[in-house]
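Reader: I want to learn how to read a fold from its coordinates. Can we take it feature by feature?

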Amino acid sequence: MIRITSTGNKAVKEVRELIKKAKVRREKGLFVAEGERLCAEIPEDRIEEIFLADGYHGRMPEGISEDDPRILTVSLEVMEAMSDTKTSQGILCVVRQKTYERLQGDFFMILENLQDPGNMGTIFRTAEAAGVNGIIMNRECVDLYSPKVVRSTMGAMFRMPFLIVPDLQEEVRRLKSEGVQVYAAHLKGTKNHFQFDYHTPTAFMIGNEGNGLSDELSSLADQYLRIPMHGKTESLNAAVAATVLMYEVLRQRT
C-alpha cells in the first residue's frame, strides 16, 4: 500500500486541483468527496482513488476491502493539506462523474440558474425523499461537483438521476411533448399550489434565488401557481419553495 508523506506529491496536487477548479473537474470527469459518511455512500465502481489518513479506522465505501489497490495512505499533515474542510475526518475519495443520457419517470424538478450550494444540496436530498424521478438543470447553475455542493447533498447526488443541459427551454419543450405538465411559481398565478392535481406527469420549475425564473423559461409553463404566504414575507427560499411543491405531490400520490 502506497504511503504519501509529502504535500508536493503529484497525486496530492491533483486532488487539490480537483477541489479548487471546476474546469479541471469538467476536463477530467472527476470530483472529490470527503468525510466518512459521504464516502460510504459512493458506489464502489465510481471510485478512482481513496486517501486514508494514518490511523483511520472509520467506515469504508461499500465493497472496498483494506487491501484494495485504489487505497493510498497519507500522513495527517498531508490529509489536512488536501482537505477542503476545517477538520478532516481522515478519508477522501476521487470519484468519477456520472452522465445520464435521459431521465425516466413522471416527476421532475427543473432548476434555472440556482447559485447557492446549500439550496442545491437541499433540493437533491428532498427530491430523493419525496420520490422525484430526476432533476434537470442548466449549466449556469452552481457546479454540482464543487466540494460545498457535494457535501450538502449528503450522498443524494449518487442516487438521484440528473441532467445538466445547455438549453433548458429545449428540455422543457421535450418534457411537454411527452405529456408532462410543467408548473411555475409565478406572480401571475391565481391558484394555490395545492389546488392542482399532480397525479399526471409533473415538473416544477425553480429559478435563481435573487431573480426567480427568467421570462423566457416561465413563459413555457403550462400552469402558473402560487404558494400562499401570510405576514409580510414576499418570497420563500428556493429550496423551501421546492420542498413545499415536492411534498404536495407526494401527499397527493400517497
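Reader: What should the 14 residues of α5 span at 1.5 Å a residue?

Author: The model is predicted; local features need pLDDT of at least 70, side-chain atom pairs count only at pLDDT 80 or more, and totals for chains, interfaces and linings use all residues. Residues are numbered from 1 along each chain as its sequence is written, and side-chain values use heavy atoms, with hydrogens and water left out. Helices (H or I, at least four residues) and strands (E, at least two) are DSSP runs, numbered from the N terminus. The expected span of a helix is 1.5 Å times one less than its number of residues. For α5 that should be 20 Å, and the end C-alpha atoms are 20 Å apart, so the two agree.

Reader: What happens at the start of α5, and just after it?

Author: Start with the polar contact: a pair of N or O atoms within 3.5 Å; within protein, one must be able to donate a hydrogen and the other to accept it, and residues adjacent in sequence count only if both atoms are side-chain atoms. At the start of α5, a side-chain oxygen of aspartate 116 comes within 2.9 Å of the backbone nitrogen of glycine 118. Just after α5, glycine 131 has a positive phi of about 85°.

Reader: Which residues of α5 are buried, and what covers them?

Author: An α-helix has 3.6 residues a turn, so residues three or four places apart point the same way. Buried means under 20% relative accessible area, exposed over 50%, partly exposed in between (1.4 Å probe, protein chains only). In α5 the buried residues include Met120, Ile123, Phe124 and Ala127. Contact means heavy atoms within 4.5 Å. The cover over the buried residues of α5 includes β6, β7, α6, β8 and α9.

Reader: Which strands pair with β7, and in what sense?

Author: Two strands pair if DSSP finds at least two bridges between them. Strand β6 (residues 107-111) pairs with β7 in the parallel sense over 4 bridges. Phenylalanine 108 has glycine 134 of β7 as its bridge partner. The chain goes from β6 through α5 (residues 117-130) to β7 in a right-handed β-α-β crossover. Right-handed means that, with the strands pointing away from the viewer, the path from the first strand over the helix to the second runs clockwise. Strands β7 and β8 (residues 162-165) also run parallel, joined by 4 bridges. There, asparagine 138 has valine 165 of β8 as its bridge partner. The path from β7 to β8 goes through helix α6 (residues 147-153), and this β-α-β crossover is right-handed.

Reader: How many disulfides does the count give?

Author: A disulfide is a pair of cysteine sulfur atoms within 2.5 Å. The count comes to 0. The sulfur of cysteine 93 has its closest cysteine sulfur in cysteine 39, at 3.5 Å, too far for a bond. Cysteine 93 is buried, at 0% relative accessible area.

Reader: Where is glutamate 44, and what does it touch?

Author: Glutamate 44 sits in the loop between α3 (36-40) and β3 (47-53). At 32% relative accessibility, glutamate 44 is partly exposed. Not counting residues up to four places away in sequence, glutamate 44 touches Glu62, Gly63, Ile64 and Arg70.
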